[in-house]
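Please read these notes with the sequence and the model open beside you.

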Amino acid sequence: MVTEVRPMSDDHDHHDDNAAHELRVSKIQDGTVIDHVRGGQALNVLAILGIDGTNGEEVSVGMNVPSNRFARKDIVKVEGRELSQDEVDVLSLIAPDATINIVRDYEVVEKHRVERPEYVEGVLSCPNADCITTGDEPVTSRFEVLPGGVRCAYCETIVREEIAALIDTA
Amino acid sequence: MRHDHLITSKQLSRADIETVLDRAAEIDADPEAVADRHANALLGLLFFEPSTRTKMSFETAMKRLGGDVVDMGSVESSSVKKGETLADTVRVIEGYTDALVLRHPKQGAAAMASEFVDVPLLNAGDGAGHHPTQTLLDLYTIQENAGLDDLTIGIMGDLKYGRTVHSLAYALTNFETRQHFISPESLQLPREVVYDLHQQGEDTQIREHETLEPVLSSLDVLYVTRIQRERFPDEDEYQKVAGEYQIDIETLEAASDELTVMHPLPRVDEIAPEIDDTDYAAYFEQAHNAVPVRMALLDLFLRDHGTGTGAATATDDAANGDGGEADE
Ligand SMILES: [Zn+2]
């Protein structure tokens with residue numbers, strides 16, 4: 001469930017890793033905070049991670065929060081689930097500046113950036129209607145990650161813009 | 001050559017290409033020497049869209065190696081019609097055969113199908129994607145007529161949808177070539193292809209043009225492809241545009257005497273029949289080369305998979321036909 005969609009203040013950009021930051025992200029007890037998501041991309045972040053609330057995760061989303069780094073940023077918090085580096089790397093496609101905070105017992109215990117993976121599997125669907133992956137075949141979509149785009153490993157179509165539109169929500 | 005399958009010309013190194021062309025030349029010179037090489041081997045022909053010529057040349061090639069073919073038949077009469085996936089079809093047919101040839105309307109079909117089978121699978125065209133066996137016979141023809149290094153080639157016509165063009169252009173990046181692409185603006189090479197050509201070809205120069213005239217005199221090879229009527233909104237537009245990319249004797253007055261003219265055939269009116277009897281014309285030779293080149297490919301792939309000794313090598317699944325959902 002998306003339990004919270006409201007503007008939040010963004011103190012920590014002003015004071016790096018200071019107490020205000022710790023306090024704000026520590027609103028969750030255990031889980032993952034995805035920060036510095038480009039404004040407007042928070043729901044795509046959830047979609048690309050396959051987090052739709054059906055597994056009972058407690059999810060908070062802040063959209064268009066004032067930020068120093070961007071004019072506006074989004075922030076996503078997932079209670080009770082630690083996302084692995086492999087899981088979050090796919091975010092580099094839509095939120096390349098995202099930072100990942102792993103929280104345990106209200107403390108940020110790990111902080112890392114997303115890295116561009118070589119391939120992403122199963123998260124995007126090919127926009128080419130003539131691609132073999134768009135039919136009923138038992139095949140998982142696979143995209144090569146290029147500088148500035150993705151490319152279907154089957155039909156080789158390159159997508160440079162609007163990658164978020166390819167997110168497989170099925 | 002160590003590949004499990006032949007999916008795209010991009011997978012082929014220069015050494016791979018040379019292996020195939022050398023073998024094709026050997027076979028061309030002495031076809032009798034391989035007449036029994038693949039006795040008992042069976043090739044499965046899976047053509048999900050019609051292509052009489054490609055299919056016939058594969059069938060001829062397999063039979064000239066002493067083997068035989070089994071043919072899925074037309075899609076209308078097969079279980080595909082009932083909604084079977086390609087993944088299922090290839091897994092069933094691989095049990096009957098030693099190798100598969102696949103032509104399918106969807107891009108990426110061969111790449112996907114190859115993930116489901118252990119026998120070698122040769123891509124005979126996947127929609128607007130690749131057609132590597134055509135490429136190899138094109139390369140063979142170029143080698144015989146002009147040589148593959150220090151080559152200046154013009155590729156003209158429908159460069160957007162023409163898979164033979166894409167496959168050929170990739171393969172030529174393995175050699176020192178200057179590639180000129182000549183087409184109406186609406187039928188230029190897709191950006192994916194241009195991207196790849198620039199990625200792959202260190203020794204390759206790529207130029208795009210809208211007319212043949214400025215480059216014609218520099219060409220060793222002119223590869224002409226058909227511009228299809230259905231790419232244009234109306235007949236007038238088609239006639240106007242397509243007419244710019246047709247050649248006749250008069251066109252070739254500006255060309256080198258050594259020019260080789262190629263075409264994957266069938267042609268409609270891209271090349272005037274008066275060129276057929278000149279030394280420029282290599283397109284019928286190109287079509288004939290389909291057999292030795294496909295023989296070479298089948299020989300190499302069947303041998304790599306241990307069915308090339310000429311001994312009895314019928315697959316152990318050959319009796320399995322009545323167990324599965326056989327194609328009627
Ligand atoms: Zn695709």
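1. Donors are N, O and S atoms within 2.8 Å of the metal (3.2 Å for Na, K and Ca), and water is not among the atoms, so sites may look incomplete. Along the chain, the donors of the zinc ion are spaced as C-x4-C-x20-C-x2-C. They are the SG atoms of A:Cys126, A:Cys131, A:Cys152 and A:Cys155, at 2.3 to 2.4 Å.

2. This is a predicted model: local features need pLDDT of at least 70, side-chain atom pairs count only at pLDDT 80 or more, and totals for chains, interfaces and linings use all residues. Residues are numbered from 1 along each chain as its sequence is written, and side-chain values use heavy atoms, with hydrogens and water left out.

3. The zinc site is tetrahedral, with angles of 100 to 117 degrees among its 4 donor atoms; four donors count as tetrahedral if all angles lie between 85 and 135 degrees.

4. Are A:Cys131 and A:Cys155 buried or exposed? A:Cys131 is buried, at 0% relative accessibility, and A:Cys155 is buried at 7%. Buried means under 20% relative accessible area, with a 1.4 Å probe and protein chains only.

5. Chain B gives 20 residues to the contact and chain A gives 19, where contact means heavy atoms within 4.5 Å. The two chains bury about 1600 Å² between them, 49% of it on carbon and sulfur atoms. Buried area is the accessible area (1.4 Å probe) that two parts lose on being put together, summed over both.

6. The interface of chain B and chain A has 2 salt bridges. A salt bridge is a side-chain nitrogen of Lys or Arg within 4 Å of a carboxyl oxygen of Asp or Glu. B:Asp196 forms one with A:Arg151, their closest N and O atoms being 2.9 Å apart.

Note on methods. Chains lettered and ligands numbered in written order. Tetrahedral: all angles 85-135°; square planar, octahedral: opposite > 155°, others 65-115°. Buried < 20%, exposed > 50% of the residue type's maximum accessible area, 1.4 Å probe, protein only.
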